[in-house]
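I opened this entry to keep track of what I looked up. The fold comes before the details.

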Amino acid sequence: GEEGAARLVVAVLVTIHKNGGQHRTRVTRPVLAAAKRIRKLGHLPEFQLHFLLRRISRKLKLKVAVTPGSFRHTVATSAVEQGASLAEVSDFLGHKSPATTKKFYATLAVPRMVPTLA
């Protein structure tokens, strides 16, 4: 169906991990389209992204500043809550050990709803 097609891997996105190594992430068609739009806009150095997010966080009077790390955590949390396996999330995050992912995300998994006859 349409939902299955949205989850179909169509490409591998190569980015530079925070440790300087290459990070390869299998992506779906919507993610690939978003990555192409971002690439077309040009490169935004990491320090500028941090600066912009901090400035926006202050302007919005947030108690905790938004960071690239918080975006990363939000995406991983959402993936787990929507049924992604810890192995898939570990691969996406680039963790060398699934134990690292389990430490942070294992308790977040929400059981899928079971349909009832009620």
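Along the sequence I read the pattern α-β-β-α-α-α-α-α. That gives 6 helices and 2 strands in the protein. Helices (H or I, at least four residues) and strands (E, at least two) are DSSP runs, numbered from the N terminus.

I noted the ground rules. This is a predicted model, where local features need pLDDT of at least 70, side-chain atom pairs count only at pLDDT 80 or more, and totals for chains, interfaces and linings use all residues. Residues are numbered from 1 along each chain as its sequence is written, and side-chain values use heavy atoms, with hydrogens and water left out.

**Confidence.** I checked pLDDT, the predictor's confidence in each residue, from 0 to 100. The protein averages 79, and 83% of the residues score at least 70. Helix 1 (residues 2-6) has the lowest confidence, with a mean of 58. Helix 3 (residues 46-59) has the highest, at 86. Where pLDDT is low, predicted coordinates should not be read in detail.

**Burial.** I looked up how much is buried (under 20% relative accessible area; exposed is over 50%, partly exposed in between; 1.4 Å probe, protein chains only). Of the 118 residues, 15% are buried.

**Helix 5.** Which residues of helix 5 (residues 86-93) are buried? I found Val89, Ser90 and Leu93. Seen down the axis, the buried residues of helix 5 fall within an arc of 100°, so they line one face. The arc is taken from the directions from the helix axis to the C-beta atoms. These buried residues pack against strand 2 (22-28), helix 4 (68-81) and helix 6 (98-105). Gly94 follows helix 5, with a positive phi near 80°.

**Salt bridge.** I found 1 in the structure. The term means a side-chain nitrogen of Lys or Arg within 4 Å of a carboxyl oxygen of Asp or Glu. The side chains of Asp91 and Arg26 form it, at 2.9 Å, N to O. Asp91 is in helix 5 and Arg26 in strand 2, so the pair ties together parts 65 residues apart in sequence. Asp91 is partly exposed at 33% relative accessibility, whereas Arg26 is exposed at 53%.

**Val14.** I placed Val14 in strand 1 (residues 9-16). Val14 is partly exposed, with a relative accessible area of 39%. Leaving aside neighbours within four places in sequence, Val14 is in contact (heavy atoms within 4.5 Å) with Gln22, His23 and Arg24. The C-alpha atoms of Val14 and Arg24 are separated by 4.6 Å, though these residues are 10 apart along the chain.
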